[in-house]
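Please consult the sequence and the three-dimensional view while reading.

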Amino acid sequence: MTTPRSVSIAYYDPYNVQPNIVSDIRKRLPLHDLRWVSSPPRPIRSITQLYVNLVDETASATRARPQQHQIPGLLDTPYMRILLVRCEDNDTYRGSVRQAIRDWFATAFVATQRDSTEWLIFYYVPEGSSPYTTGTAATNALRLKAGVIDKIRADFNTSSKEDRCVLIKDGIDQTEANKVWDDAIARLRDGIMTAFAKRVQMYEQQAKKLELQKSVPGWNFSTYFVMKASFACEGLALSFENVSLLEDALTQYDGLDETFMQLTKDRTVTFFQDVGFTPESQHALLDRDKDTNVRHQILQTEISLFDFRCYLFSRQASLTLLLISSALTPSIAALRISQLLFRTRKFVSETSKMLVGLGKNRQMVANWVYSVIQEVLDATEVQPAVIQGEGTRDVAEGRAEVLLLARSAMEELAARYGWQIEDAGMDDINLLDSAPDADVDDVDVDKFLHPKLKRALADEVSFMNAYFEITDAARSYYESADRTRSVDKLRAQMAIIKYRQHKYDETVKLLASLPQLYSNQGWDVIATDLFLISADSLYHLDRPEEYLKIFLQLLTNRAHNLGTDLISDICRRVLGACDKLEMTMNFSLAPLFVTTVSKLVRVSAEADDSFFLSAEVFNHFEVEWVLTSITVRLIEPRGMKRSVLFRSQGESVKLAPGRNIMELRTTHNVPGTYQVDNIEFTIGKLVLSEDLTGVKKAADGDEMLVMYQQPGNLDVRLQTPAVMRLDKPKRIVILVYTGWNELENARITARSATTGMRLDMDQATATVVPKASEDNMHVSHSSGSQVEIGTVARDSVVYITVPYIAEPDRPIPKNLQVRAHVEYKTTAGEYYSLSVSRQVSISLSTDVNVKDLFKRDALFSKFSVTSADPGGALRVVAGELRGTDEYEVATGRGTTTPYVAIANQAVTYAYRVTRRAQKEKQVNGHTAPKPLELRIRYRRLEDEVRDTISRTIHDKLKDRSDLEKYSVVVDHHIQGLLRCDLVRYAFLDKIALGEYLQNQWSDVLSAIGKNRDQMDAFLRDFYSADIDRHATETFDSLTKELVIPVEVPKLQVLFTVELQYAPPPVLDFPSLANTGECEQKDVETTRELQPYAFSDKVFYIGQPIPVIVRLTSSRYWAARSSSDADAEQLPSTEFIYEIDAKSDTWLVSGQRKGLFAVSEKTTDLAVLLVPLRRGNLLLPTVEVRPCGPDAIAAEVEYVNNAESVLVLPEASNVLVGAEAS
């Protein structure tokens, strides 16, 4: 570091006092805590520490006064002069000392000194001298006050307020001595600061005078600049430096430097005799401020432009180094270091450009730049504690930047040998860019090279290594400064060096993520070059997974920065690397190839189940690409999100430069509406894909593709079995229509898509229609929900009956949704598949209600059949109740005539059931009666309508060769839109489709493509007319048979109750009526005593009508047991009979209510009925019920049910009225 300047204090010692006091003075140096109060605008300055240089002027007192320098402050004139005096009495003082003091003042060192200097007189009294020891203490004190010290003060003090005399006594105690010396040092501080203030004031006044001279005629700018630089700047700066006000000193030089650079820029500096900068003048830069000749050259305007610029920087650098060394904390030191480094960068940049612009040798300038930077770096090398402080970033950044300037100088020198560094477009600022084409100076550069440069430029390898080292050092500094972008830039340059040295592994490590980083920041050209270097390095390292990805990125995003030949080479490397990949690699397709998928899915023109899709691929490269395959995936935008894959055909696909049309094929038939979801190009293990999900709006009809079946394709449908039994497990039937396919084998997978429902495929059975195909077919059950079948001929239907099960505690839904998937192989060796979702109604379409009427020897049952769906309708074809070995059934008329049943209009069938005479069957010794079977054959009118529409569509399109292949998709779509009035159809046998709305058919019409207009016209015509119902026999396949087990109710006893008219003498009514007790009387009913029928008589109001209530019980309908004894047992429970008559119609006389027991005999009860109204009156009813708590199955046959009698008013008296007219 530079040694700090100090303030000179000169002392004159004619009496040899210095040896006695010098030690006391030196131990109190340097001075501390000085304050300078200047006039505005400067604030108060505090000087923490001021170094003092004591100069003995005793020997030079008699010398002649030296010639003073023209620049104030350049001579080391003292700020304070001290006269050391020792005198023991007044006589001696008057005789010689006084004159000696006057002579000292008379010398030029004080009176005529241009630089202001303050003075003090130290009067020394040694221990044991007469002024110190004579008399008492009081006397001595009085003597001192009127002694020599007082004489000196009286003779030489310039003011009564300012005492310039200091009494120094030897031999006093330490405390008093400290006080004496503290006072002496305080006076020294004040004197120095006073002299300093006067000097500053003088320099500022000189500068003002120079400014005023601008208006004087003959004013010369050169003289003005030199004088101002000397007085205003140099003098002030040196004065500030002397008193350790280094920052103020530096400010003066900064102002001077700014003025000089502005003049240089304006080309107004004309007083420099030459540019300077000779090889011999390039000595140490930081020592130039110590060269006094430079100051004389400046004053005499003999200094060169280069030397003056270097002198200014040298002064700035020296002051900054002093600030660094005097810093109180590491962070402040680091700040000063960073400032010096910044000054160095600015100085070197400006000066080098100036020199080259003035025609100086470029290599010599570069050598000078390198030398200056090395000198500054060596001067600012500090301890790590400083660098690791708060100023780490600034210091590190500054050192990195000047290192890059040194590197730039090294590059300039290396260019002589043709050694260049390729920098991928990341050029640093070249200090020599402003140089002319040819150098003016012809100098042997090697003779003057810096030692480090000589070693670095020994050969190209040494240059590369040195260049890498300096770059790495700058990178390290930038990392400490958190300058990530600069770090990335230098890492890239280091990678380029390693790449030129064919050290590919190190190149890859240095680049790492740099190319992508520059790409993200928008530096396309740089990123492209770095990508190329990285990819080529990986290529030489044989790492295909890594360089393939980079090459694809280059082709994708940076082809515009690459030449045609380079693109072609990259394409060939990409194709060659695809076979070397160990794992599948995915990459985006869109930027490489422009792919457009056709909006039309085409069915096969041959008799197979293939589908085709066209794709247009544009290859903008000049190289043919050979692909393994092209795949397009379609996905449903709504619903189950099913997908279909279309693949290219053949082992490879060639994409020639330009436009290519590719035919893609799929054997997976999944009818539905789709949009393009993904496009994949496969090259070996490289997969180029473009995900289009969400790119195109699903709601946009123009972007939708419809995949449809054509007549002849294998198809799957669902239905319920033709015969459904309520007492058997529930089943559905999966129908597989082979169409034109002759199956070698097939695997059918079916799963329920309805919550809570499950298909039991393990119990599935299969049959084939026609039966001739069944001979070669075999059925097997594989794991899961699959059924495998063998050979099936074309135009066959495989019926797979599958049981379904509902989960416990879940209601059975109305419809069952089934997802069916069929994988099949044809006898031609082709593999296909079909995936469909079908729905079948599993709820019963019919509601059947039954009402039974028991007779003694017959049971009459009435069955009412209605539609279970309130909005549905049925065509009930027939109804049959089948008997068993125990029961015989007689059928009424009309049971085989079709009728329409709707929710509020039932079809009714009545049957008569009687017991057979033969004995009951025994099973393991127990009775095993079979229930009756009610068989209802019916069709849903909705099924008739749908079948009629389907047949009509196929019949009409069969004659249209251009539209026939669309019959399946049209049929499926119209079935989904169907809304038909079934009641109208039931009575008129006509189907009205309603109005044709084109927007409902947009998906279908878009799938048809070029025949869209023809199909639109066909549909308009089809909707315009009603469709007639087809012949009945065409609906036979739609007819279902529902088998309902019907249990005959089991009765323990059947009561037959009859009211019989019994006039006398058939019944002696009074004898019965007068009993007065509740008793029953058995009367034998014989042919001789038959009562009269009610219908044969006419009764009158109030006429008593004798009636016999006849009760008969029967076990005819009781369950037959295995024992006749059991069959003869009668229930022992008593029963209650009760005659129920309306009180306003009949008056009942006799026992209306009573008990009776079941027996084989007939019980007759006599009562009287008195009619109270006229008219046809219904006879009273008789109820029978058990008397006890035991539950007994019993029915009552009331013979007189709904029987009435005629009652007239009595006609013995007739009143006739007449009225005159």
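Which helices are included in what covers the buried residues of α25? The model is predicted, and in it the cover over those residues includes α24 (941-958), α27 (1002-1008) and α28 (1012-1024).

**Helix α25**
- Helix α25 spans residues 967-977.
- Its buried residues are Ser 967, Val 968, Val 969, Val 970, Asp 971, Ile 974 and Gln 975.

**The second largest pocket**
- The volume of the second largest pocket is about 670 Å³.
- This pocket is lined by 23 residues, of which Thr 48, Ser 244, Leu 246, Leu 323 and Ser 326 are the closest to its centre.
- Two or more lining residues come from each of β3 (45-50), α8 (246-266), α10 (305-325) and α11 (330-357).
- The most is given by β3, which contributes five residues to the lining.
- By residue class, the lining comprises 10 nonpolar, seven polar and six charged residues.

**Ser 568**
- Ser 568 belongs to helix α23, which covers residues 564-577.
- Ser 568 counts as buried because its relative accessibility is 10%, and the limit for buried is under 20%.
- When neighbours within four places in sequence are left aside, Ser 568 is in contact with Glu 622 and Val 623.
- Ser 568 and Glu 622 are 54 residues apart along the chain, yet 6.4 Å separates their C-alpha atoms.

Methods. Residues numbered from 1 in each chain as written. Predicted model: local features only at pLDDT ≥ 70, side-chain atom pairs only at ≥ 80, totals over all residues. Heavy atoms only, no water. Buried < 20%, exposed > 50% of the residue type's maximum accessible area, 1.4 Å probe, protein only. Helix = DSSP H or I, 4+ residues; strand = E, 2+ residues; numbered from the N terminus. Contact = heavy atoms within 4.5 Å. 1 Å grid on protein atoms, 1.4 Å probe; cavity = no way out; pocket = protein on both sides within 12 Å on 5 of 7 lines; lining within 4 Å. Points joined across faces, edges and corners; volume = space filled by probe spheres on them. Nonpolar A, V, L, I, M, F, W, Y, C, P; charged D, E, K, R; others polar.
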